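I opened this model to look up its strand pairing and its helix packing. My entries follow in the order I made them.

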Amino acid sequence: MYFVNWQREVSLEERNGQKVVVKRNKPTKQFHEFLIIYAYSLISLLLFHPSTPLTFSEIIRNEGCEMRKNLRKIGISTPMLLSMSDADLIEEYIEGGDIYRALASGGDVVLAYEAGCITGKLHQAGYTFVDNKAQNYLARGESVIRTDLGFMKKTNSHYSKSMDIGSFLASVMDLDRYGEIAKSFHDGYRSEADSKFSYLSIVIRNVLSTGFSSSSKTTLRNMLLDSRRLIGL
Ligand SMILES: Nc1ncnc2c1ncn2[C@@H]1O[C@H](COP(=O)(O)OP(=O)(O)O)[C@@H](O)[C@H]1O
Ligand SMILES: [Mg+2]
């Protein structure tokens with residue numbers, strides 16, 4: 001496994017006989033974080049829900065032990081953190097890989113249901129993920145584990161919750177089974193959270209999907225699917 005992402009290079013390595021994932025920061029990490037943080041605030045202004053950006057120190061704290069412990073308390077599992085420094089972060093390797101890949105290769109939609117439950121639990125506890133792509137959820141059998149915690153925010157804001165829902169949906173919009181996956185995510189979310197999927201989350205989904213999609217034809221077809229069922233109109 002080797003991923004070159006925006007902010008980090010992620011590789012599978014072996015330390016003391018244990019498989020681990022090493023996430024090495026690239027020199028451009030802060031610049032890319034800056035772009036994401038300001039895109040978050042800019043979209044909030046354009047959609048008339050002004051939201052303050054995260055700070056760089058919050059991003060570092062979010063990945064640490066304290067936040068992982070908080071998440072465990074509210075019933076959300078994360079990979080075991082083995083070490084963290086300015087240069088890299090090392091965590092336990094989760095065998096099933098991310099759920100976007102699993103769903104793309106025919107994996108059970110229960111994985112999307114579990115991601116919905118995790119998002120709902122987090123919102124009930126007064127936090128949001130902000131970057132809630134399916135690629136940030138990992139599969140261990142039928143259970144789902146959450147990684148990439150950097151952009152988490154302690155807030156109950158309608159915009160931030162809609163960003164979580166919109167970014168998850170946008171990340172799976174290029175899959176053929178989008179309708180089934182979105183319904184499963186929705187059902188999982190509603191089993192934990194009081195609030196419905198808002199119209200704003202569908203607007204955010206449509207804005208983000210153009211950037212996330214690997215197949216614009218499938219994304220466009222899915223965008224035209226009736227969104228009303230999701231927002232309960
Ligand atoms: N602990 C892990 N076990 C297995 N795969 C992982 C793990 N952490 C990350 N990955 C894989 O690496 C990808 C990128 O990791 P992530 O932490 O999301 O980095 P980035 O901040 O660059 O998005 C994930 O989408 C997933 O496929
Ligand atoms: Mg990620």
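Which residue in β5 is the bridge partner of Met-84? I found Leu-89 there.

**Ground rules.** I am reading a predicted model, in which local features need pLDDT of at least 70, side-chain atom pairs count only at pLDDT 80 or more, and totals for chains, interfaces and linings use all residues. Residues are numbered from 1 along each chain as its sequence is written, and chains are lettered from A and ligands numbered from 1 in the order in which they are written.

**Overall.** I counted ten helices and nine strands in the protein chain. Helices (H or I, at least four residues) and strands (E, at least two) are DSSP runs, numbered from the N terminus. The radius of gyration, taken over C-alpha atoms, is 17 Å for the protein chain, close to the 17 Å of the globule rule for 233 residues, so the chain is as compact as a globular protein of that length. The rule is 2.2 Å times the number of residues to the power 0.38. Along the principal axes, the C-alpha atoms fill a box of roughly 55 × 40 × 35 Å.

**Strands.** I took two strands as paired if DSSP finds at least two bridges between them. β4 (residues 81–84) and β5 (residues 88–92) run antiparallel and are joined by three bridges. They form a hairpin with three residues between them. Leu-81 has Glu-91 of β5 as its bridge partner. Glu-91 also stands opposite Val-21. On to β2 (residues 8–15), which pairs with β3 in the antiparallel sense over eight bridges. Here Glu-9 stands opposite Arg-24 of β3. The β2 and β3 hairpin has two residues between the strands, and Asn-16 takes a positive phi near 50 degrees.

**α6 and α8.** I checked how α6 (residues 158–171) meets α8 (residues 199–212): the axes come within 7 Å and cross at roughly 45 degrees. Axes are lines fitted to C-alpha atoms, for helices over the stretch in contact, and angles run from 0 to 180 degrees between N-to-C directions. The crossing is right-handed, the near helix being turned clockwise from the far one by less than a right angle. The contact (C-beta atoms, placed from the backbone, within 7 Å) includes Met-163 and Ile-165 of α6 and Ile-204 and Leu-208 of α8. By class, I noted nine nonpolar, seven polar and one charged residues. Ala, Val, Leu, Ile, Met, Phe, Trp, Tyr, Cys and Pro count as nonpolar, Asp, Glu, Lys and Arg as charged, and the others, Gly among them, as polar.

**α5 and α7.** α5 (residues 110–124) packs on α7 (residues 178–192) at about 35 degrees, with the axes 6 Å apart. This crossing is right-handed. Among the residues that meet are Tyr-113 and Cys-117 in α5 and Phe-185 and Tyr-189 in α7. The contact divides into seven nonpolar, eight polar and four charged residues.

Note on methods. Two residues are in contact if their C-beta atoms, placed from the backbone, lie within 7 Å.
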